[in-house]
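Please read the points below with the model open beside them.

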Amino acid sequence: MKFRTWAGVALCSLALALGGTAALAQKAGGTLVYIVQPEPPSLASFLSTSGPIGLVAPKIYDGLLDYGPDLEILPALAESHEVSEDGKTVTFNLRQGVTWHDGEPFTSADVAFSVMEILAKVHPRGPNSFREVTSIDTPDEHTAVFNLANPAPYMLRALSAYESPMVPKHLLEGTDPRNSDLATSPVGTGPFKFTEWKKGQYIRLDKNEAYWKEGLPYLDRIVGRFIPDASTRTAAMENEEVMYGAYGAIPNIDAVRLRDTDGFSVTTDGYAMINPMALIEFNTTKPPFDNPAIRKAVSLALDRQFLIENIWFGYGQPATSALSSNFGATGLYAEGMPNYPANADPEAAIALLDEAGITPNGDGVRASATLDLIPYGEDWRRAGEYMKQALAEIGIALELRYEDVPTWLKRIYADYDFEINVNYFYQLPDPVLGVHRHYGTDQIRQGTHFVNSSRYSNPALDELLAAGAQEADAGKRSEIYAEVQKILAEDMPVNNLFEMEFLTVYNDKLKDHATSALGAYGSFDQAWIDE
């Protein structure tokens, strides 16, 4: 079988745009059943960036922009946009005739409300994405003018349906967004309308007949099935009960087998925008992980290459810094950071603990803790078992805890009732969007998911993060982030494990499901089934 290339997708998209013969081959109708793993805690993508929410909500909501296979900016709810010469004004020209799923018109008032009252206040990443936006003018119903205190080019990379969904002002204004009915009955402008959520079984979305993209979507409906057991998910794919599974829904051990099975394909396409990083978060406010020495010892004791090769079957590469090596393309990644070995160095970890006075008791135990595992599948359970064994070798005794998604989210981000947890974050196309939220003091936002749950606070780092967000000179910005990485390699409130490579497994009958850089977090508006 094959790994699809972006070149093929791009050529297909070009043929569609030109109205070529490729468009004639596409068939309207049918139902796509795909895996949503695990069941989402809600569908409020304006409140949470939890992975399962991202598998559903961008089919319902739209963003101002979209992004092509090569990360090029594409129009969405905004037909076009202009940036002023000084970079402090961004004008979005909105599509006319777009309606919400309840029939109300979409206008510039929805844009201003979505950004200023929702995303900039309660979204996990919104306060950084829109940190420079001071106000939004709406001179008419189809124009939204963003006024910025400082240029923020990264903002234009944060306007997809997944990252910054536009939400209906008429349904949210005057309400508490954290307790909105939209969490379970969303209303968007996207290609599919919410129809039904049968808890424990599936979410059903039906075709939006009034979608603003003429002739789309092709599918009549999409159904996201929740299948907790990994082997059952694989069997469902093989039996054609489902046609698509992304973000590790099909364990890598099965994905590599299906890759060589007729009728199925495996791809790493569709993840270009997210820059995923597997990691450990420490609660830095209480023992034992309030001491940087033990946090660094954990990093030294874990074998990143073993995790990649034996649990993720070779997909990924060892983390070497607080920033992904993918930021090397923009000059922001710094090589040679300490405390990030590809292979375990337990002797160095023990020496570090001894030097810090963290000595073993009569049973050889230096510290005990509970490791909370992200509840996203069997691979994470296996990773937890390995970590328990590896850290025992340096005298850190772990108990493992695996809970459902809502309980886990509440424990980590609302109650701070944890000591150490294994997780993954999206570093996204710019550190301001995906990295700052992990370390900034202003990102200690109790109750907000996927921000600074470690409650790490360092004024010197805060100053550097603020400078990095505003610096326009590429060389100076590189220097700033080199200092950021040096500080974090020593303090290590978060221990990056490896740069992830997710796999998507799909039935070959499913076509054009990865026509944007967002892949499974895209809209599926161009997907179709070749029966």
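1. Two strands are taken to pair if DSSP finds at least two bridges between them, while helices (H or I, at least four residues) and strands (E, at least two) are DSSP runs numbered from the N terminus. The model is a predicted one, in which local features need pLDDT of at least 70 and side-chain atom pairs count only at pLDDT 80 or more, whereas totals for chains, interfaces and linings use all residues. Residue numbers start from 1 along each chain as its sequence is written, and side-chain values rest on heavy atoms, with hydrogens and water left out.

2. The hairpin of strand 4 and strand 5 has five residues between the strands, and in it Gly87 adopts a positive phi near 75°. Strand 4 (residues 78-83) and strand 5 (residues 89-94) run antiparallel and are joined by five bridges, with Ser80 standing opposite Asn93 of strand 5.

3. An open sheet of six strands has mixed pairing and the order 14-18-13-17-15-16. Its edges are strand 14 (316-318) and strand 16 (396-402), each with a single partner strand, so that one side of each is left without a neighbour in the sheet; the twist averages 30° from one strand to the next. Strand 15 (residues 367-373) runs parallel to strand 16 and is joined to it by seven bridges, and Ser368 has Ala397 of strand 16 as its bridge partner. Helix 12 (residues 405-414) lies across strand 13 (276-282), strand 15, strand 16 and strand 17 (420-426), running at about 95° to strand 17.

4. How do the axes of helix 8 and helix 10 (residues 346-355) cross, and within what distance do they come? They cross at roughly 170° and come within 8 Å, which makes helix 8 roughly antiparallel to helix 10; on this scale, angles under 35 degrees count as roughly parallel, over 145 as roughly antiparallel, 65 to 115 as roughly perpendicular and the rest as oblique. Ala293, Ile294, Lys296, Ala297, Leu300 and Ala301 of helix 8 meet Pro346, Ala348, Ala349, Leu352 and Leu353 of helix 10. By class, the residues of this contact are 10 nonpolar, no polar and one charged, where Ala, Val, Leu, Ile, Met, Phe, Trp, Tyr, Cys and Pro count as nonpolar, Asp, Glu, Lys and Arg as charged, and the others, Gly among them, as polar.

5. Helix 8 (residues 292-301) also packs with helix 16, at an angle of about 95° and with the axes 7 Å apart, which makes the two helices roughly perpendicular. Pro292, Arg295 and Lys296 of helix 8 make this contact with Ala489, Glu490 and Asp491 of helix 16, and the contact has two nonpolar, no polar and four charged residues.

6. Glu163, in the loop between strand 7 and helix 5 (169-172), is buried because its relative accessible area is 5%, the class being under 20%, with exposed over 50% and partly exposed in between (1.4 Å probe, protein chains only). The side chains of Glu163 and Arg125 are joined by a polar contact of 2.7 Å, that is, a pair of N or O atoms within 3.5 Å; within protein, one must be able to donate a hydrogen and the other to accept it, and residues adjacent in sequence count only if both atoms are side-chain atoms.

7. Glu471, in the loop between helix 15 (459-470) and helix 16 (474-491), is partly exposed because its relative accessibility is 27%. The side chain of Glu471 reaches the backbone nitrogen of Asp473 at 2.9 Å.

Conventions. Axes are lines fitted to C-alpha atoms, for helices over the stretch in contact, and angles run from 0 to 180 degrees between N-to-C directions. Contact means heavy atoms within 4.5 Å.
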